[in-house]
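Thanks for asking me to look this one over. Have the model open while you go through my points.

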Amino acid sequence: MPMCSACHGLEREAHSPAHAALTITDARKRPGGLARGVVFRYRCVACGLVWSRATDTRTLESSWLTQRTA
Ligand SMILES: [Zn+2]
């Protein structure tokens with residue numbers, strides 16, 4: 001399935017908020033250390049793409065990572 005336009009937007013702009021078709025499938029704490037934070041997993045209901053979003057609890061910076069499936 002091709003990536004939908006909303007997911008294309010996330011890929012271009014890693015600090016944008018979740019788009020409307022994303023649903024949270026998982027949330028877990030990162031192990032301690034320098035990169036503390038929470039990792040959310042999302043699945044796009046429009047194109048099926050799986051994303052993970054890591055949020056640093058100190059800086060509140062987030063970034064999107066695609067988990068491409070074959
Ligand atoms: Zn999508």
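Below are my numbered comments, starting with confidence and moving on to the strands.

1. First, keep in mind that this is a predicted model. The protein chain has a mean pLDDT of 84, with 86% of its residues at 70 or more. Helix H1 (residues 5-12) comes out highest in confidence, at 91, while strand S4 (residues 62-67) is lowest, at a mean of 82.

2. Now the pairing of S1 with S2. Strand S1 (residues 22-29) runs antiparallel to strand S2 (residues 37-44), and the two pair over 7 bridges. If you want a spot to look at here, find Asp-26, which stands opposite Arg-41 in S2.

3. On to S2 and S3. Strand S3 (residues 50-56) is joined to S2 by 7 bridges, and these strands run antiparallel.

4. Last, have a look at the turn. Which residue in the turn of the S2 and S3 hairpin has a positive phi? That's Gly-48, with a phi of about 80°. The hairpin has 5 residues between S2 and S3.

Definitions and conventions:
Residues are numbered from 1 along each chain as its sequence is written. This is a predicted model: local features need pLDDT of at least 70, side-chain atom pairs count only at pLDDT 80 or more; totals for chains, interfaces and linings use all residues. pLDDT is the predictor's confidence in each residue, from 0 to 100. Helices (H or I, at least four residues) and strands (E, at least two) are DSSP runs, numbered from the N terminus. Two strands pair if DSSP finds at least two bridges between them.
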